[in-house]
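Q: I would like to learn how to read the features of this model one at a time. Could you take me through them, with the general idea first and then the case at hand?

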Amino acid sequence: MDLETFTPGSGRLAPRAALHSDAPAISLNGTWRFRLSPTADVPEDFTAPGYDDSGWDDLPVPSHWNLHGHGAPAYTNVSFPIPIDPPHVPGENPTGDYRRAFDLPDGWQGGRQGGRQGGRLRFEGAESFARVWLNGHELGFSTGSRLPVEYDAAPYLRPGRNVLAVRVHQWSAATYLEDQDMWWLPGIFRDVTLTRSTADVYVRADYRDGRGVLAYLEGPGPLGIPELGVTGLEPGGEITVEAEPWTAETPRLYEAVVTGDGETVRLRIGFRTISIEDGVLLANGRPLLLKGVNRHEFHPEHGRAVPYETMREDVLLMKRHNVNAVRTSHYPPHPRFLDLCDELGLWVIDECDLETHGFWEVGWRANPTDDPRYADALLDRMRRMVERDKNHPSVIMWSLGNEAGVGRNLAVMADWARERDPSRPLHYEGDRSCAHTDVYSRMYASHAEVELIGRREEDPLDDPALDARRRTLPFLQCEYAHAMGNGPGGLAEYQELFERYPRLAGGFIWEWIDHGIAHPVHEYAYGGDYGEPVHDSNFVIDGLVFPDRTPSPGLIDLKKVFEPVRFTFDGDDVVRVVNGYGFRDLSHLRFTATVQVEGETVAEHVLGVPADGGEVALPGAGGGPEGERWLTVRAELAGDQPWAPAGHEVAWGQTRLSAAAPTPASRTTAFTGDGLITAGDCAFDASGRLVRLFGLEVEGPRLGLWRAPTDNDRYGGLEGRWRALGLHRLTHRVDEVSVGDELVVRTRVAAAATDLGMRATYRWTYDGGLRLALEIEPEGEWPGPIPRLGVDMTLPGDAVDRVTWFGLGPGETYPDTGMAARVGRWSATVEELQTPYVYPQENGHRADVRWAVLGGIRVSGEPAFGLTARRWSNTELTAARHRPDLVPGDRLHLHLDLAHQGIGTATCGPGPLPAYDLLPHQATLRLRFATA
């Protein structure tokens, strides 16, 4: 049957560029009639214009039918949800039949072949196999879900009422090319249009020697660029003009107009040249450092049918967080997204609609990438991408696909693309020999390996010739720093390497957004929530923004790591401002210096920073109260930009001007009692456990080593090792309680079935406030890092609504995250302190806290401590699987910590760097509790 054909389609017109035309067009988006069948064996009588579809349902187009009550979504990362038996598909093959009646406007002429005058039916995307009929006549079929296809509608259009019928099968031979780590979501999910436009235009706009060079390669008539005074340029012509270059930092566009064959089309031209010299990726002759993200198309309610407003929101968020590049993982995006990248400025790797990752699980047997029967289909996908997107200045590389193994069909794709468009380098990560690419690409290489590659000292290939060639190529990480849950860690260390070695062209964080589908019970669903027999759980929840596009702490950190201006301080009176832009100066920014004492502003000054940066004198430290004094320098937009308003913060730096004065010693009060031990308004029970703190009923504090595992802890294996040690089920034994000027409580903390433990000695003194010195000493040979080192305690839930603290903030911070946190005075409700990860896990830790006020209690550290406050316990957080599982209780759970294990990126990639491993060690935690 056709579903199992290797042929990519039939009846289709040649692919062409996405253009803006004045030719008449009718949008066929809207409400269609729809019927879902469980198999493909359904009569085709519905294609007749007079067929009665009154018993069918309504379905919006674009959309996915399983997000509108017809079947259910399913998520897999690698595994195919069908047996691996190409080109065959299961008999259980959900099949959607669509019908749409529309009226042809008066004056719409029909009848000529090739789409001229009559019209073309254009589908921007349908998954995975779509057959099309117009007024009962079959136009053809197509595969390649995320690529456009056009059919000649002219011979079959009628004056007045017309009926379009489409049958979409979820599974086909093409499914084996589309295993792209995302929800399986069938349907007509992009726009459908009837258009009389037939134009195809191909321009190549280079920037050389300070001038624009325009080659008008193909088109239906003369081209003009009014702003540049260009008129009447014929196809095949070339012209050099005085023009400004296009870059992601300065996205200068010129509107071109082409008239011919009865229509006028417009396209926006950006002059830029991408080249490679001595293993360095260049744009307009300058080194290009990609600070990128991988972007799937996703909306929590619409799946891959992403509204234009949401696409624009994505680009604006990226720009505002110093992202300069996007890899369109793992298929070409909606064409309007590339328009936005042209307009607002993002470098783009445009990736072909190809991934065969599931064949990895069977040793790559029968992989379509190396099956000559699939050659035409792979070439067809490459061709349709390149032809559609060839005029976009933002597109700087073509990618052959993703995680599709190796094979002869890669050469077929690469050879055609090079011949058609030699101006853009080719990318593909899956073949480490780089035999068919122009860049060396890897994913999730460790910091150590990235450094070796930067020095051109990576492990050699077996083939000396290929090895020598690969060492001449620029290197990029097409995926790194897996942004799943709490994290990613190690961002700053990767960026330092990218900036140190010219061969390293940067990389793309995996990934932009959590693919959580809006759900009535779970709030957001992930794999398994729809009863899929094969799924990859929450591995689809791995983005820098939450499903509603709220930035995660990872994105806030990324903005800091990617910031294009750096500040280094020379003492208290000079700051060196370094311009990290590649293609512009600093004249569009204004700089301010703010002095704060314990987080309160005492002075603010405007700095005069030269356009090219350099050393700038700082103002004096200012007056005001005594206390810890910090100076913060900020770079903000001096005026409105298309992507952010004036005043938007681009970069910042901080330096401490003076430390806090030491707290003078106070006279202490002895502890008294035996059944209930008291000092002032604080009390302990006979075992030395604090039960009353300035009138509040409390529990603890006592030593805690557990944290709710992060995704990185779970997938990287740490959680399993921690559970094997029993760190989630510790027991506390009191060995001695000594009452006098000090209250000393000696304990041993350990888990059942192990001889490993921690000696914890609590030394309490009272000087009007309650001081704790907790001395910790490990016993035994601990095999590796532990989750955290601190104390756990609870307070009445109604005693604390808001927390105010002086330390790092405003967001969460862990040893290898929190680069965006700065020292200041911050305030938040207990609810606002939580980071609402879709899959609940350790979150909300504030680091380097000097003091914090929680209701009527003030906690200070000697020196600083880590603070987490929640309305649920670590045990409850560990057990939760979705946000609604966390129900506030009647206690506030307070965690005051010495240290945490690093976060890393071990869901995919390396765990924490060794410097961020928390190994058991002798330590002392010093805290003071007082009334606020």
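**Reading an enclosed space**

A: Strand β17 makes the largest contribution to the lining of the largest cavity, namely five residues. The model is a predicted one, in which local features need pLDDT of at least 70 and side-chain atom pairs count only at pLDDT 80 or more, while totals for chains, interfaces and linings use all residues. Numbering runs from 1 along each chain as its sequence is written, and side-chain values use heavy atoms, with hydrogens and water left out.

Q: How many cavities of 30 Å³ or more are there, and how much space lies in the largest cavity?

A: On a 1 Å grid over the protein atoms alone, a cavity is a set of points where a 1.4 Å probe fits but cannot get out, whereas a pocket is an open set with protein on both sides within 12 Å along at least five of seven lines; lining residues have an atom within 4 Å of a point. Points are joined across faces, edges and corners, and a volume is the space filled by probe spheres set on them. The count by this rule is eight cavities of 30 Å³ or more, and the largest of these holds about 130 Å³. Its lining has 16 residues, of which V203, R204, A205, R272 and R424 are closest to the centre. β17 (202-208) and β23 (263-269) each supply at least two of the lining residues, and by class the lining of this cavity has five nonpolar, four polar and seven charged residues. Here Ala, Val, Leu, Ile, Met, Phe, Trp, Tyr, Cys and Pro count as nonpolar, Asp, Glu, Lys and Arg as charged, and the others, Gly among them, as polar.

Q: Which residues lie nearest the centre of the largest pocket, and which element gives the largest share of its lining?

A: The largest pocket, with about 1,000 Å³ of space, is lined by 42 residues, and those nearest its centre are L19, H20, E124, P335 and R336. α2 gives the largest share of this lining, four residues, while the elements that each supply at least two residues include β2 (20-21), β3 (25-27), β16 (192-195) and α1 (308-320). The lining of the pocket divides into 16 nonpolar, eleven polar and 15 charged residues.

Q: Why is helix α2 described as largely enclosed by the rest of the structure?

A: A residue is buried under 20% relative accessible area, exposed over 50%, and partly exposed in between (1.4 Å probe, protein chains only). In α2 (residues 335-344), eight of the ten residues are buried, so the helix is largely enclosed by the rest of the structure. Among the buried residues of α2 are P335, F337, D339, D342 and L344. The residue that follows α2 is G345, with a positive phi near 100°.

Q: Is G236 buried or exposed, and which residues does G236 touch?

A: G236, in the loop between β20 (230-233) and β21 (238-241), is exposed, with a relative accessible area of 65%. Leaving aside residues up to four places away in sequence, G236 touches Y216 and L217, where contact means heavy atoms within 4.5 Å. The C-alpha atoms of G236 and A215 are 7.2 Å apart, although 21 residues separate the two along the chain.

Q: In what order do the seven strands of the open sheet come?

A: Helices (H or I, at least four residues) and strands (E, at least two) are DSSP runs numbered from the N terminus, and two strands pair if DSSP finds at least two bridges between them. The seven strands of the open sheet follow the order β1-β11-β10-β13-β7-β4-β5, with antiparallel pairing. β1 (9-10) and β5 (57-61) are at the edges with a single partner strand each, so one side of each has no neighbour in the sheet. β4 (residues 30-39) is joined to β5 by five bridges, and F34 stands opposite D57 in β5.

Q: What joins strand β51 to strand β52?

A: β51 (residues 757-766) and β52 (residues 770-779) are antiparallel and pair over ten bridges, with T761 opposite E775 in β52. Their hairpin has three residues between the strands, and G768 there has a positive phi near 95°. β52 also runs antiparallel to β59 (residues 923-931), joined by seven bridges, and L774 stands opposite L925 in β59.
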